[in-house]
Amino acid sequence: MAKISLKISVIKLLLILVVAQTSLGFVNLQTTIQEDTVSTINKFVIENPHKAIYLINSITTIANADTIALINTLKAKAYLTLGFLDSAKVQIDSLTNTDNLVLENSLFEIINIRVQYHMATDNYTASLQEVNHQLKQNPLNTSKELNAKLTILKAKVFEHQKQYPEALSILDKGLLNFESFNSIEINALFYRNIANLYFQTDQFSSANNWYSKALENYAELNDTLSQIILLKNISLANRGLSQFDKANAYLQRAQSLAIAIDRPDELADIYNLMGSLRLRSGKLSEALEYYEQSLILRQDLDLLSSVASTIENIARVQRDLGEFDKATNNLLKVIQIREGLNDLQSLASAYNEMGNLNSQKGNFADALMNYLTSLKIRQQANLTEDIARSLTNIGLTYRKVGSFTNALNYLEQAIELINKSGDPLSQAYVYIHHGNTLRDVNRSEEAIKSYSMALKLREPTGNKQAIAQAYKSLAYAYADIKEFGKARELLNNALRITKEIGDETQTADIYNELGNLSQQIGEYEESIGYFQLASTLYAKHFDLAKRALCIRKIGEVQTALGQYQNAFIHLELALNLASKTNNPKLKELTFLALYNYHLQKGEYKEALNFYTQHISLSDSLKSLNKQETIWQASLDLELNKKVEKIKQIEGEIESLRTEAELKSVQLEQQKLYRKFINLILIFVVVIAVGSIYGYIVIRRKNKHLGEANEKLSQSEKNLKILVQTKDKLFSIIAHDLRSPFTALLGLTEVLAKQELNPQEVSEFGQHLHESSQKLLTLIDNLLQWSRSQTGKIKLEPKKVNLRELIEEVVTLQHIQAETKKISIYVDIDENQTLIVDYPTLATVIRNLLSNGIKFTPESGSISIATTMSNKTTTISITDTGVGMEPEEVEKLFRIEDSFSKQGTNQESGTGLGLIICKEFVEMNGGKISVSSKQGMGTTFTITLPNS
């Protein structure tokens with residue numbers, strides 16, 4: 001550790017020198033900090049890009065063209081890390097015409113940054129064109145190392161697009177081309193990148209083989225740093241295979257090398273991986289120790305991104321330890337760091353972790369909002385696999401609160417997305433939870449399909465723990481549909497694997513399930529054997545509750561077989577263990593088993609005694625269940641209170657998803673169009689040379705194609721509006737309509753079944769009134785909107801006294817306004833008239849006035865005034881409320897973008913009211929507009945024709 005501290009001090013001193021050179025007037029940096037400058041800045045490009053840019057800007061003069069090019073490349077990389085694409089482009093453009101002025105290594109970095117920029121802008125065609133051009137400029141016979149790096153870079157372009165087979169083919173061919181040169185370094189480079197591809201697709205055994213080949217080569221080259229990196233990779237591959245001891249051994253080897261060459265940054269990374277290994281093994285205290293050691297090193301080195309990663313890992317351990325406040329504070333730190341780095345992928349991960357934390361605490365409404373926020377960020381960044389993970393977490397949260405329809409909806413969206421990725425373990429994870437949810441709703445045959453897909457995906461990865469879990473899940477589903485033979489076969493497959501990897505806890509669970517299965521089909525002696533095996537393993541691992549469960553079942557089976565002496569011994573032992581573990585449910589079931597035991601023996605007095613104890617404990621548990629019912633109703637209310645925010649985020653997410661799908665369709669159309677054009681060109685070259693007639697035919701076809709494309713484009717626009725309208729309506733029905741009903745159902749159930757005191761009755765009554773009022777308003781708006789959409793509203797324009805109409809509406813809204821002490825002023829001439837449909841205009845005024853009251857704080861005011869011209873009458877409704885931001889104003893009156901937010905007293909709405917206003921005003925031949933400023937109030941203006 002002394003060496004590590006010394007190294008940290010050296011790095012700090014170097015940074016001080018780099019920063020100080022500007023203020024002290026140093027201008028000649030060539031001999032003092034050229035190499036160290038590039039090395040130091042390179043460490044911060046990903047970890048702390050703002051610092052990297054600051055250090056680069058602090059440099060005044062570097063005469064060496066090669067170093068200048070490298071520095072500019074690093075600055076471009078830092079901007080790319082921050083997502084500042086325009087600034088990165090400026091730096092990349094500054095590197096133009098430098099290819100012939102720099103060394104080979106620097107040239108590759110320049111090419112690499114160009115390719116990275118194109119990939120960041122999703123221009124993969126330009127990326128490949130750049131690489132292919134450079135491969136032609138630098139053929140194999142003139143520049144072996146550069147050609148090898150370019151070949152690998154080409155593979156990475158395909159890898160970035162998840163086209164793994166194409167990437168692997170390029171690397172295989174590249175390796176074949178270079179093997180004849182016997183270059184250990186080049187071969188190692190290919191081995192390492194081939195291994196990375198296998199690792200990406202969860203083929204851990206294959207990844208291990210290639211990593212090991214690369215490790216041998218780097219050992220021969222005495223390249224210690226590369227050896228450390230490969231040892232870490234091999235450890236991760238072994239972890240993926242559930243071979244935790246091997247994984248730890250490789251990390252220990254890497255640790256020794258990192259200490260030997262004084263690399264605190266690598267040592268910090270190793271400690272972080274050691275912590276993650278312990279966390280997976282359930283050794284929470286050890287995991288926390290390693291994470292804290294990693295954090296100290298990373299903070300000293302100012303590796304900001306890695307600091308955030310380690311703090312996030314610490315928060316995971318704290319969550320599992322039940323230290324929720326500490327975990328929350330740490331995750332808030334992570335979010336702050338990630339926002340500063342503009343690291344959207346990691347920021348989404350932090351919000352996802354916050355969702356996990358709230359879910360574990362039972363704060364499901366907050367968990368949903370965290371997961372939805374994470375999903376929104378991932379959609380904006382187009383992170384397909386991460387989007388699927390967020391959808392899965394949202395689905396699991398809905399499952400926890402019993403909303404199985406919503407759970408299946410999100411899980412099926414996740415399946416659709418994750419199937420496009422190359423990560424079989426992630427795909428299988430979604431399928432497993434999809435199957436679990438299907439079993440929840442008694443759709444076990446469909447669950448079998450999902451579990452089978454999970455097993456099919458997991459088997460090639462070699463992850464035995466995951467494969468065993470898939471077998472178990474399948475077995476449960478087959479048992480549900482009474483196919484006991486198939487269920488037993490699958491459990492035996494899982495048993496073979498758990499024994500092979502030495503997972504005794506999972507082995508005990510499988511023995512227990514085999515016992516249950518045998519008991520269910522009447523094979524009692526065999527079931528006793530399985531329960532005894534499970535009990536022995538549970539005892540070995542001090543899981544007394546599960547051991548007691550197995551012993552009780554042994555006693556029950558022996559009672560059924562008439563083996564009374566052994567049965568009594570087991571049931572007494574089960575009761576003793578149930579008391580020790582303070583497990584009331586286990587105790588109740590054991591009392592029932594002892595009742596049956598004595599009843600079967602004809603010992604009625606003893607049987608009655610145990611039956612009485614069983615009933616007493618059962619009543620006690622029912623009381624707890626009543627409390628749980630009240631808690632569930634409270635949870636429904638909590639979700640109902642926050643459903644507005646959840647619905648708003650879900651609406652934004654749905655809009656992003658629709659846009660992404662449309663973009664995908666457009667890209668496919670562009671590809672098809674390009675293919676079509678290529679076919680036409682070939683046709684022209686071959687045929688049209690000698691055929692004027694063919695030329696005329698092609699022109700006609702192109703004309704029809706243009707017309708067809710134009711119609712398709714218009715249809716696509718109309719379809720987008722229809723889809724958004726449908727989705728908005730379904731979203732309103734799913735959330736706004738369902739939520740009050742859910743609350744009403746929960747509250748009425750409590751009122752019907754529980755004995756409540758007057759204060760509780762009053763409180764629940766208030767909630768009932770609020771939910772009913774919200775429901776009535778929503779249904780009224782939905783009915784009016786649907787009537788307008790189906791053309792069932794017929795206008796009957798007639799001469800209307802405006803003053804009387806508006807005063808009638810004001811009277812209806814008087815109680816609502818008086819509650820918030822809001823004054824309403826009407827400045828309209830008593831004799832002012834207008835030819836208009838009375839009911840629709842009254843609906844518009846009522847909605848706008850209600851909105852004004854909703855968003856105006858207590859003691860505010862609302863004024864209604866009119867002005868007339870020769871052709872039109874203008875009605876203005878102005879409030880002194882909270883106002884709106886410009887982006888909020890833009891979303892008004894549009895079904896596809898409509899939104900709602902809570903009023904000053906947390907009043908909720910649906911966003912439909914203003915859409916109805918716009919349609920009714922336009923039906924009367926008028927226009928509606930709005931002007932608003934945050935904190936300054938809002939004015940809605942209705943302009944109607946005088947005749």
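**Close-up views of a predicted model**

**View 1. The loop that holds Asn 582.** Asn 582 lies in the loop between helix 29 (564-580) and helix 30 (584-601), in a model that is predicted. The phi angle of Asn 582 is near 55°, a positive value in a residue other than glycine. Asn 582 has a relative accessibility of 66% and therefore counts as exposed, the cut-off being over 50%.

**View 2. The loop that holds Asn 182.** Asn 182 is found in the loop between helix 9 and helix 10, and its phi is near 55°, again a positive value in a residue other than glycine. With a relative accessibility of 63%, Asn 182 counts as exposed.

**View 3. Aromatic pairs, with Phe 178 and Phe 190 as one example.** The count of aromatic pairs in the model, taken as rings whose centres lie within 6.5 Å, comes to twelve. In one of these, the rings of Phe 178 and Phe 190 have their centres 5.6 Å apart and their planes at 35°, so the pair is tilted. The pair links distant parts of the chain, since Phe 178 belongs to helix 9 (residues 164-178) and Phe 190, twelve residues apart from it, belongs to helix 10 (residues 184-200). Phe 178 is buried at 1% relative accessibility, and Phe 190 is likewise buried, with a relative accessible area of 0%. Ring pairs also link Phe 178, Phe 181 and Phe 190 into a cluster.

**View 4. The aromatic pair of Tyr 398 and Tyr 410.** Tyr 398 and Tyr 410 form an aromatic pair that is stacked, with 5.7 Å from centre to centre and 15° between the planes. This pair, too, links distant parts of the chain, as Tyr 398 is in helix 20 (residues 384-400) and Tyr 410, twelve residues apart from it, is in helix 21 (residues 404-418). Tyr 398 counts as buried at 6% relative accessibility, and Tyr 410 is buried with a relative accessible area of 9%.

**View 5. The surroundings of Asn 147.** Asn 147 has its place in helix 8 (residues 144-160) and is buried, with a relative accessible area of 8%. When neighbours within four places in sequence are left aside, Asn 147 is in contact with Leu 135, Asn 138, Pro 139, Leu 140 and Phe 178.

**View 6. The surroundings of Ile 270.** Ile 270 has its place in helix 14 (residues 264-280), where it counts as buried at 0% relative accessibility. Not counting residues up to four places away in sequence, Ile 270 touches Ile 228, Lys 232, Leu 251, Ala 254, Gln 255 and Ala 258. The C-alpha atoms of Ile 270 and Gln 252, which are 18 residues apart along the chain, are separated by 8.4 Å.

**View 7. The packing of helix 24 with helix 26.** Helix 24 (residues 464-480) and helix 26 (residues 504-520) pack at an angle of about 15°, with their axes 12 Å apart. Because angles under 35 degrees count as roughly parallel, helix 24 and helix 26 are roughly parallel to each other. Helix 24 passes helix 26 in a left-handed crossing. On the side of helix 24, Lys 472, Tyr 476 and Ala 479 take part in the contact, and they meet Gln 506, Asp 509, Ile 510, Glu 513 and Leu 517 in helix 26. The residues of this contact divide into four nonpolar, one polar and three charged.

Methods:
Residues numbered from 1 in each chain as written. Predicted model: local features only at pLDDT ≥ 70, side-chain atom pairs only at ≥ 80, totals over all residues. Heavy atoms only, no water. Axes fitted to C-alpha atoms, helices over the stretch in contact; angles between N-to-C directions. Helix = DSSP H or I, 4+ residues; strand = E, 2+ residues; numbered from the N terminus. Parallel < 35°, antiparallel > 145°, perpendicular 65-115°, else oblique. Left-handed = near helix turned anticlockwise from the far one by under 90°. Contact = heavy atoms within 4.5 Å. Nonpolar A, V, L, I, M, F, W, Y, C, P; charged D, E, K, R; others polar. Phe/Tyr/Trp six-rings, centres within 6.5 Å; stacked < 30°, edge-to-face > 60°. Buried < 20%, exposed > 50% of the residue type's maximum accessible area, 1.4 Å probe, protein only.
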